[in-house]
Amino acid sequence: MGSKDQGSSGGGFFSSLRSWGTAVQKSVNGLLGYEGLEVINPDGGTEDAEAEALRGRWKQEDRDGYWKMMHKYIGADVTSLVTLPVIIFEPMTMLQKMAELMEYCDLLDKADECDDPYMRMVSHHPPMGAAHCENEHFTYDITSKLKTKFLGNSVEIYPVGRTRVTLKKSGVVLDLVPPLTKVNNLIFGRTWVDSPGELVMTNLTTGDKVVLYFQPCGWFGAGRYEIDGYVYSAAEEPKIMMTGKWNQSMSYQPCDQEGEPLPGTELKEIWRVAPTPQNDKYQYTYFAHKINSFDTAPKKLLASDSRLRPDRYALEKGDMSKSGSEKSRLEEQQRAEKRTREAKGEQFTPKWFNMTSEVTPTPWGDLEVYEYNGRYSEHRAAIDSSNVADETDVTSIEFNPWQYGSSSS
């Protein structure tokens, strides 16, 4: 929790669930001969672990084979060590996941229009990634390089990155450090996600900050998804308390120096998750579906657009076999690009971003910072101002993000 006394419960307003501990974990000794296999049931107790291990999306033979291949990587960063199966993914790329949060960019618009310096801090909750987004109210920039730790049946994901938001009206610059994410039951059991720990966003202009504590999932789901915290002044005095669930909504209320609600104030909702189509397999919102849709593709779509990735598209259509083979093909072509680059003695140079001389520290390691160079905005403006009709069938465009062209492999 984001109070000054990290062991307190916010003066009674927030119900701290730290004492419950993390979700029940049990080493399912003897299960299929795999001693020490850890399976976590977020909705049950220790007696549920063995039954939970037999659930999930995997066929038994696939599950067993993948476990035998992966167990040797326990404790390692697996982001580039192994080829991960498509069954653990969803049909959306990292670029699309970055764009997905812009569904809530109206919060940044409101923050830019707000004159209250503390209310500006309850209006922003960006994700991890590498991106640039801009409108008349804000600029949003991320440099990110994820780091992972494979734990056998789970993986911890550390958001090594820098997130900066500049509000144009006030000139305020916000910096964000999110908590880690843990994906549980990767192979055995039903896969679920938790993000225990603190999210800290600092106003680099004034020194104000917001600290939100993401509760770890406890026994029988106690505390799951819950968030509690405060907006603090530069003098570290609580000004606004916040509470909610990261999968539902967030609310705020002005508070006194003890973190208690101010008399005459009430809890007000400031954010609510967008609705999703009924029975949607991946629980995508309508906005997320638009990111994936060719119907919303801009004129003269870039050949590197994520909509065109054949592995992603096949997974979206439910063709796991084709998705897996296309994923392997793309990864091999990526390796071929690297070999060609090394043979030529060249460096990879992003087209739309430039590397700066800045290196920023994070809780999980240092990070080189990239900045947007504005070239894509110029590229898009030139296309949008053109009177030439684009009659290209976008679904016929071959996915081509390669530096040396599609023939490098």
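Leu-199 stands opposite Leu-212 in strand S12, and this pair belongs to the contact between strand S11 (residues 197-203) and S12, which run antiparallel and are joined over six bridges. The coordinates described here come from a predicted model, in which the mean pLDDT of the chain is 83 and 86% of the residues reach 70 or more.

Strands S11 and S12 are part of an open sheet of ten strands, arranged in the order S3-S4-S7-S8-S11-S12-S13-S14-S15-S16 with antiparallel pairing. At its edges are strand S3 (131-134) and strand S16 (268-272), each of which pairs on one side only. Neighbouring strands of this sheet are turned by 15° against each other on average, when direction is ignored. As a general point, the strands of a sheet pair through backbone hydrogen bonds, in either a parallel or an antiparallel manner.

Within this sheet, S12 is joined to S13 by six bridges, and the two strands run antiparallel; in this pairing, Tyr-213 stands opposite Asp-228 in S13. On S13, Tyr-230 has Met-241 as its bridge partner in S14, as part of an antiparallel pairing of S13 with strand S14 (residues 238-245) that extends over seven bridges. S13 and S14 together form a hairpin with five residues between them, and Glu-236, in the turn, has a positive phi of about 65°. Six of the seven residues of S13 are buried, so this strand is largely enclosed by the rest of the structure.

The loop between strand S12 (209-214) and strand S13 (226-232) contains Phe-220, a residue that has a positive phi of about 50° although it is not a glycine. Phe-220 counts as exposed because its relative accessibility, at 54%, lies above the 50% cut-off. Tyr-225 lies in the loop between S12 and S13 as well, and its phi is likewise positive, near 75°, in a residue other than glycine. With a relative accessibility of 23%, however, Tyr-225 counts as partly exposed.

Helix H4 (residues 106-113) lies across strand S4 (138-144), strand S7 (161-167) and S16, and runs at about 50° to S7.

A further open sheet is formed by four strands in the order S5-S6-S9-S10, with antiparallel pairing. Strand S5 (147-150) and strand S10 (192-194) stand at the edges of this sheet and have a single partner strand each, so that one side of each is left without a neighbour in the sheet. Strand S6 (residues 155-158) pairs with strand S9 (residues 181-184) in the antiparallel sense over three bridges, and Ile-157 has Thr-181 in S9 as its bridge partner.

The largest nonpolar core of the model holds 28 residues, of which Phe-138, Tyr-140, Val-165, Leu-212, Met-242 and Met-250 touch the most other members. When residues up to four places away in sequence are not counted, the residues touched by Met-250 include Leu-212, Ile-227, Met-242, Ile-270 and Trp-271, and among them are also Lys-245, Lys-268 and Glu-269. A second, separate core comprises 15 residues, including Leu-37, Val-78, Ile-87 and Val-183.

Cys-133 counts as partly exposed, at a relative accessibility of 22%.

Note on methods:
Residues are numbered from 1 along each chain as its sequence is written. This is a predicted model: local features need pLDDT of at least 70, side-chain atom pairs count only at pLDDT 80 or more; totals for chains, interfaces and linings use all residues. Side-chain values use heavy atoms; hydrogens and water are left out. Buried means under 20% relative accessible area, exposed over 50%, partly exposed in between (1.4 Å probe, protein chains only). Two strands pair if DSSP finds at least two bridges between them. pLDDT is the predictor's confidence in each residue, from 0 to 100. A nonpolar core is a set of buried Ala, Val, Leu, Ile, Met, Phe, Trp, Tyr and Cys residues joined through side-chain atoms within 4.5 Å. Contact means heavy atoms within 4.5 Å. Axes are lines fitted to C-alpha atoms, for helices over the stretch in contact, and angles run from 0 to 180 degrees between N-to-C directions.
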